[in-house]
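Me: Please examine the structure shown below and answer some questions about its fold, its surface and its contacts.

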Amino acid sequence: MSKEMQELQKQWHSMVQSIHSNSNVVAFMNSRVGQYLDDHPFVALSLLMFIAVSAIPVAFFLIFVVTTAIMACISVIVMEGVVIAIGGIALLCVLCGLGALSLGVSGVLSACYVVISTLVNYWYASRGQIRKQDVNGSFPQKSPSVLDLSANNGKNE
């Protein structure tokens, strides 16, 4: 590996260690929820995606509730109930859609991770095999192609 990659790996490792040594993180990871999420990374990724994507709609809804509460203080009590009910239904619809979206994105990210890690492992394995052959002084034998076989069959007849 190159020096830059090793340096980046060291920095990443030190950052992960500082996160894992945080007392709040340790307390959470020792809880039942933390252990469950540690054992089920797809659920953890889905939950993380859902929280990240739903933060803005929830913030808008809370601003909306505060605004309508202020309006209610100015004597629009009936209107507040109707508007908050409609807003709550709209929020429910948005959060259900975002939940489905976060599951889909988590599935795609998980599939990409599996494919990329498989390709990287295959690439490093084939690179290692080529290096081994270079060290041993042997070169990979080319298998005859289909066209060469058909040309040889024509000569034999």
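The questions below proceed from the chain as a whole to single residues.

Me: How many helices and how many strands does the secondary structure of the chain come to?
Reply: The model is a predicted one. From the N terminus on, its elements run α-α-α-α-α-α. The secondary structure therefore comes to six helices and zero strands.

Me: What percentage of the residues of the chain count as buried?
Reply: A residue counts as buried at under 20% relative accessible area. The chain has 157 residues and exposes about 12800 Å², with carbon and sulfur atoms supplying 70% of that area. The buried share of the residues is 10%.

Me: Is V43 buried, exposed or partly exposed?
Reply: V43 is placed in helix α4, which covers residues 41-73. Together with Y36, F42 and L103, V43 makes a nonpolar surface patch of about 360 Å². Its relative accessibility is 34%, and between 20% and 50% a residue is neither buried nor exposed. V43 therefore counts as partly exposed.

Me: Which residues does P57 touch, not counting those up to four places away in sequence?
Reply: P57 also lies in helix α4. P57 and L95 are 38 residues apart in sequence, yet their C-alpha atoms are 8.1 Å apart in space. A contact requires heavy atoms within 4.5 Å. With residues up to four places away left out, P57 touches L91, V94 and L98.

Definitions and conventions. Residues are numbered from 1 along each chain as its sequence is written. This is a predicted model: local features need pLDDT of at least 70, side-chain atom pairs count only at pLDDT 80 or more; totals for chains, interfaces and linings use all residues. Side-chain values use heavy atoms; hydrogens and water are left out. Helices (H or I, at least four residues) and strands (E, at least two) are DSSP runs, numbered from the N terminus. Buried means under 20% relative accessible area, exposed over 50%, partly exposed in between (1.4 Å probe, protein chains only). Accessible areas come from the Shrake-Rupley method with a 1.4 Å probe; for residues, only the protein chains shown count as cover. Patches are made of residues with over 30% relative accessible area and no salt bridge: like charges are joined within 9 Å, nonpolar side chains (Val, Leu, Ile, Met, Phe, Trp, Tyr) within 5 Å. A salt bridge is a side-chain nitrogen of Lys or Arg within 4 Å of a carboxyl oxygen of Asp or Glu.
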